[in-house]
Amino acid sequence: MDGNSRWARARGMPTSAGHAALQPALEETVRLSCAWGIRVLTAFAFSHQNWDRPKEEVDFCMAVYNRFIQDNVAQFVREGIRLRVIGDCSRLPTYLQKTAQNAEEETSSNSQLDLMLAIGYSGRTDILQACGKLARKVHSKLLRPEDIDESLFADELQTSWTDEFPCPDLLIRTSGELRLSNFLLWQSAYSELFFTDTLWPDFGKAEYLQALMSFQSRDRRFGKRKL
């Protein structure tokens, strides 16, 4: 969800206003995803590298994510949305950790839409921690090295909790940037990529439809040759 700061600057507003504008755009995307039968939605809110931004900005972002969860958890319960926060949760403020944990517990039995909110997330770190988990299992003789395959590896990634759909079919990046920026690196191996110049606060129904229509037009072969 990129372009919040540029959105604010273009309007002569402080950076914080752009981060605050993240929430309504995300709420609309979640609503549309439910209405259109999307099963899993992963929102990249804050990367591991973003911790290096000014403390004031980081603190404001954390408050925005906390408010998003608090404002919407009752709706998540009503509409069957299951929430999970992924990333290095140990670095999140205590209040946000508690809000996330409570929301995860309240929505744990839902099955309409799995909503992942990636905060402090790093695709490389996700891969490294999966390697570490497997290495510890091998060290404890719970697993043989030769038994490790893609399926076992994927089970150790943070996205594995979504069960049926741990890998995204479509990856959308806003604001004109043309890179993955350390997001779901393993999981996106065969994802269709869609880049739009639209800044995230302006991303709405029309832009979402455009991305989905683009996806529907793709010829997905997964490395195979169609006869």
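**Entry 1: terms and model**

I began with how helices are named. Helices are DSSP runs of H or I with at least four residues, numbered from the N terminus. I also noted that this is a predicted model.

**Entry 2: helix α3**

I looked up α3 next. Helix α3 covers residues 22-35, which makes 14 residues. From its first C-alpha to its last it reaches 20 Å, close to the 20 Å expected at 1.5 Å a residue.

Then I asked which residues of α3 are buried. My list reads L22, Q23, A25, L26, T29, V30, L32, S33 and C34.

I stepped just past the end of α3. There G37 takes a positive phi of about 80 degrees.

**Entry 3: the largest pocket**

I moved on to pockets. What volume does the largest pocket have? I wrote down about 1,200 Å³. Its lining holds 50 residues. M1, T42, F44, I172 and F183 are the ones that lie nearest the centre of this pocket.

The largest share comes from β1, with 8 residues.

I sorted the lining of the largest pocket by class. There are 28 nonpolar residues, 13 polar and 9 charged.

**Entry 4: the second largest pocket**

The second largest pocket has a volume of about 360 Å³. I found 17 residues lining it. Nearest its centre lie E150, P166, C167, W186 and Q187. By class, this lining divides into 8 nonpolar, 4 polar and 5 charged residues.

**Entry 5: salt bridges**

Side chains of opposite charge can pair when their charged atoms come close. How many salt bridges are there? The count came to 16. I looked at some of them one by one.

First I took R6 and D2. Their side chains meet in a salt bridge, 3.2 Å from N to O. R6 is partly exposed, at 29% relative accessibility. D2 is also partly exposed, with a relative accessible area of 22%. Salt bridges link D2, R6, R173, E177 and R179.

Next came D59 and K55. The closest N and O atoms of this salt bridge are 2.6 Å apart. I asked where the two residues sit relative to one another in helix α4. They are 4 residues apart in α4, so about one helical turn separates them. D59 is partly exposed at 37% relative accessibility. K55, at 61%, counts as exposed because the cut-off for that is over 50%.

My last pair was K137 and E156. Their side chains form a salt bridge with 2.6 Å from N to O. This pair links distant parts of the chain, 19 residues apart. K137 is in helix α6 (residues 123-139), while E156 is in the loop between α7 (150-155) and β4. E156 has 11%, so E156 is buried, the cut-off being under 20%.

**Entry 6: aromatic pairs**

A pair of aromatic rings is described by the distance of the centres and the angle of the planes. I searched the whole structure and got 10 aromatic pairs.

I examined F44 and Y121. Their ring centres are 6.0 Å apart and their planes stand at 85 degrees, so this pair is edge-to-face. The pair links distant parts of the chain, with F44 in strand β1 and Y121 in strand β3 (residues 113-121). In the chain they are 77 residues apart. Both F44 and Y121 are buried.

W200 and F203 came next. This aromatic pair is stacked, at 5.2 Å centre to centre and 15 degrees between the planes. W200 is buried, with a relative accessible area of 5%. F203 is buried too, at 4% relative accessibility.

I closed the page with a cluster. Which residues form one aromatic cluster with W200 and F203? I noted W36 and Y208.

Notes:
Residues numbered from 1 in each chain as written. Predicted model: local features only at pLDDT ≥ 70, side-chain atom pairs only at ≥ 80, totals over all residues. Heavy atoms only, no water. Expected span 1.5 Å × (residues − 1). Buried < 20%, exposed > 50% of the residue type's maximum accessible area, 1.4 Å probe, protein only. 1 Å grid on protein atoms, 1.4 Å probe; cavity = no way out; pocket = protein on both sides within 12 Å on 5 of 7 lines; lining within 4 Å. Points joined across faces, edges and corners; volume = space filled by probe spheres on them. Nonpolar A, V, L, I, M, F, W, Y, C, P; charged D, E, K, R; others polar. Salt bridge = Lys/Arg side-chain N within 4 Å of Asp/Glu carboxyl O. Phe/Tyr/Trp six-rings, centres within 6.5 Å; stacked < 30°, edge-to-face > 60°.
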